[in-house]
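Hi everyone, thanks for making the time this morning. Let me put the structure up on the screen, and then we can walk through a few spots together.

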Amino acid sequence: MKKTAVLLVMVVMLLTTLSAAIADRGEHNSSGKNPQEFKLGVEVLLGEQKHLIEGKRVGLITNPTGVDQQLNSIVDLLYNDPDVELTALYGPEHGVRGNAQAGEYVEFYIDETTGLPVYSLYGKTRKPTPDMLENVDVLLFDIQDVGTRFYTYIYTMAYAMEAAAENGKEFIVLDRPNPLGGQKVEGPVLDPAYASFVGNYPIPLRHGMTVGELAQLFNEEFDIGADLTVVKMEGWNRNMYYDDTPLEFVLPSPNMPTLDTALVYPGAALIEGTNVSEGRGTTKPFELIGAPFVNSTELAAALNELELPGVIFRAASFTPTISKHSGVLSHGVQIHVINKHAYKPIETGLHIVKTLHDLYPDDFQFRAENSAGISFFDNLIGNGWIRDAIENGVSVKEMENQWKAELNEFMQVRKKYLLY
């Protein structure tokens, strides 16, 4: 009996120890970082660097991702802080509250919660006008980026930096993590002849930089000349993906609902330049790819035969509720990233486009060219030659070799602006 009692005591002690260890592990993120050691730019600003905005009229460029770790909106944090004079709000694509679809016009309005004017940077102008900045001394930028060249928020930032420089206003970027980490850089560097609001500067598709680092690069390399300050994060390092931080994922736009979406986006969004659905109007945008003319089993088999790193494809059918093929049953694949560190989104995206082109030559189409002979696919990929290469049977490996030299050149420039 005594041995049994001792054994029971030992078991209880072991279970208690294990429970404590599990609880302790739950208080840390997957990289071993304590949330108390991690701080966003907004938290550093309000906790340690509030002097940057005290006594100044503050204009804020943000959207629903502008929150602290407790999910408090930066709009509310600034508006309710007695030391801060928040005078204006500025909304990017999808608006300050994130209630507009991609490409939807967002008008000027008064914010119901604060009574502050909200100026659209995705309406008649994408650059703040002098009138919009009249009651502002310093512009703050606090928006979560997704690490991809053709996400428009970084160009909203650049245009606002230009306006700040032209109108004698200070510009402060409150830094946030790159959800895809800060080490890997992939894809072709944009040819300036194909510049647009989905790619305005010669950077690669996956740039591996934070918004603060990009702001510094834009400011110096492209002669913006803004009076720029970047408020750095604390506790973030370059090998951290978003789920290696203690942060909750707040969807940056209506069709970017999860981190899984952000992982596939740099390559899967190339489908937007074709007549195939990129999954808008489904619960898995950019993870689901398809069209009525596709044979899902055939496409999944062809893509899986390529044995691309870190990803497998599942035959899937879906009916989009908006955008391409709305209301029409479409067939294709779901992209399943099984190893985010091995996964190469741009290589994967180009293989998807090329395979669709090769399997369905009579039905697959790139988006129509404009008067300058440029397709939306060209704007997304950042050049005109890759579309020609796909149509002429060039392998993805050959394409990668062709853009390698320019990518290496960018990597050298990029080094000067890395903050972490």
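Let's start at Asp 223, which sits in the loop between α5 and β9 (227–231). Asp 223 has a positive phi of about 55 degrees, although it is not a glycine. At 67% relative accessibility, Asp 223 counts as exposed. Please keep in mind that what you see is a predicted model.

There is another residue of this kind to show you. Leu 71 is not a glycine either, and its phi is positive, near 70 degrees. You'll find Leu 71 in the loop between β1 and α3. Is Leu 71 buried or partly exposed? With 46% relative accessibility, Leu 71 counts as partly exposed.

Stay in that loop for a moment, please. Ser 73 is also found between β1 (57–62) and α3 (74–79). Ser 73 is buried, because its relative accessible area is 18% and the cut-off for buried is under 20%.

Now, on to the salt bridges. How many does a search of the whole structure find? The search finds 18 salt bridges. I'll go through a few of them.

One is between Asp 81 and Lys 50, whose side chains meet at 2.9 Å, N to O. Asp 81 lies in the loop between α3 and β2 (85–91), while Lys 50 lies in the loop between α2 (41–48) and β1, so the pair ties together parts that are 31 residues apart in sequence. Both Asp 81 and Lys 50 are buried.

Next, have a look at Glu 221 and Lys 416, whose side chains meet in a salt bridge at 3.1 Å, N to O. Glu 221 belongs to helix α5 (residues 211–221) and Lys 416 to the segment after α11, so here the pair ties together parts that are 195 residues apart in sequence. Glu 221 is partly exposed, at 29% relative accessible area, whereas Lys 416 is exposed, at 58%.

And one more: the side chains of Arg 280 and Glu 272 meet at 2.8 Å, N to O, in a salt bridge. Both Arg 280 and Glu 272 are buried. Which residues are linked with them in a network of salt bridges? The network links Glu 272, Glu 278, Arg 280 and Lys 324.

From salt bridges, let's turn to a patch of charge. Lys 184, Lys 344, Lys 397 and Lys 404 gather on the surface in a patch of positive charge. One of these, Lys 397, lies in helix α11 (residues 396–414). Lys 397 is exposed, with a relative accessible area of 55%.

Before I stop, here are two pairs for anyone who likes to trace the chain. Ala 269 is found in the loop between α6 (259–268) and β10 (288–291), and it is buried, with a relative accessible area of 0%. The C-alpha atoms of Ala 269 and Gly 349 are separated by 7.7 Å, with the two residues 80 apart along the chain.

The other pair involves Ile 110, in strand β3 (residues 109–110). Ile 110 counts as partly exposed, at 47% relative accessibility.

Conventions
Residues are numbered from 1 along each chain as its sequence is written. Side-chain values use heavy atoms; hydrogens and water are left out. Patches are made of residues with over 30% relative accessible area and no salt bridge: like charges are joined within 9 Å, nonpolar side chains (Val, Leu, Ile, Met, Phe, Trp, Tyr) within 5 Å. Accessible areas come from the Shrake-Rupley method with a 1.4 Å probe; for residues, only the protein chains shown count as cover. A salt bridge is a side-chain nitrogen of Lys or Arg within 4 Å of a carboxyl oxygen of Asp or Glu. Lys and Arg count as positive and Asp and Glu as negative; His and the chain ends are not counted. The place of a charge is taken as NZ of Lys, CZ of Arg, CG of Asp or CD of Glu. Helices (H or I, at least four residues) and strands (E, at least two) are DSSP runs, numbered from the N terminus. Buried means under 20% relative accessible area, exposed over 50%, partly exposed in between (1.4 Å probe, protein chains only).
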